[in-house]
Amino acid sequence: MEQGTEAPAVGDSVQIGIAVDIPEPWGSLLTRRRLEAGDPNAVPAHVTLLGPTEIPVSGLPAVERHLARVAAAHLPFSLHLRGTGTFRPVTQVVFVAVAAGISECELLAAAINAAPQLRRELRFPYHPHVTVAQDVAPEALDKAYEDLADFSAMFEVDHFTLFSHSGQARWQPRRDFRLGG
């Protein structure tokens, strides 16, 4: 989305999230697998850098300026997704693991979270991954874990995306931020 595009909002606040999208052909494959698992929260495959966060609509310009500075200060990097992992029994999640690019994702997430309006309590330490099944039957979690155990994809990450959510529609991309300026 272009800068200045109206963000979907409810009242005076908007939900935002920031992620690295998984490119084709892998993105649609992983998204389809999440849908096949019966995941009611299936969204396009991504690595989250900032999970859903509510901010005042009036704060969006400052957030976008912060994200532009973060992107300019970080270089593009290679991301290697390989195999599966799970957070069970703590949470009912199966994911495709980030095998290379972990540090770069961690540094981006920390820099993004440094903005006062984006700081929030995390339930768990940041762990970059691509969710492929969440809160579904144990058999569906097992199947996703087994079916994608040999999955592998390597690609260059040259940007991250700010998404917004109105609470009524699906997450919508708002703006891409190119790494390295």
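Reply: Start with a definition. A helix here is a DSSP run of H or I with at least four residues, numbered from the N terminus. Note also that the model is predicted.

Me: What makes Arg 32 and Glu 36 about one helical turn apart?
Reply: Both sit in helix α1, residues 26-36. They are 4 residues apart there, so about one turn separates them.

Me: Why is the contact of Arg 32 with Glu 36 called a salt bridge?
Reply: The cut-off is 4 Å between a side-chain nitrogen of Lys or Arg and a carboxyl oxygen of Asp or Glu. The closest N and O atoms of Arg 32 and Glu 36 are 4.0 Å apart. That counts as a salt bridge. In general, side chains of opposite charge can pair when their charged atoms come close.

Me: Why is Glu 36 called exposed, and what is Arg 32 called?
Reply: Exposed means over 50% relative accessible area, buried under 20%, and partly exposed in between. Glu 36 has 55%, so it is exposed. Arg 32 has 41%, so it is partly exposed.

Me: What makes β5 and β6 edge strands?
Reply: The open sheet has 4 strands in the order β5-β4-β3-β6, with antiparallel pairing. β5 (129-134) and β6 (152-157) each have a single partner strand, so one side of each has no neighbour in the sheet. From one strand to the next, the twist averages 30°.

Me: How do you know that β4 and β5 pair?
Reply: Pairing needs at least two bridges. Strand β4, residues 93-100, and β5 share 5, in the antiparallel sense. In one of them, Val 94 has Ala 133 of β5 as its partner.

Me: Which helices pack on the sheet?
Reply: Helix α1 does, touching β3 (77-86), β4, β5 and β6. Its direction makes about 30° with that of β5. Helix α3, residues 102-113, also packs there, touching β3 and β4. The direction of α3 makes about 100° with that of β3.

Technical notes
Residues are numbered from 1 along each chain as its sequence is written. This is a predicted model: local features need pLDDT of at least 70, side-chain atom pairs count only at pLDDT 80 or more; totals for chains, interfaces and linings use all residues. Side-chain values use heavy atoms; hydrogens and water are left out. Helices (H or I, at least four residues) and strands (E, at least two) are DSSP runs, numbered from the N terminus. Buried means under 20% relative accessible area, exposed over 50%, partly exposed in between (1.4 Å probe, protein chains only). Axes are lines fitted to C-alpha atoms, for helices over the stretch in contact, and angles run from 0 to 180 degrees between N-to-C directions. Contact means heavy atoms within 4.5 Å.
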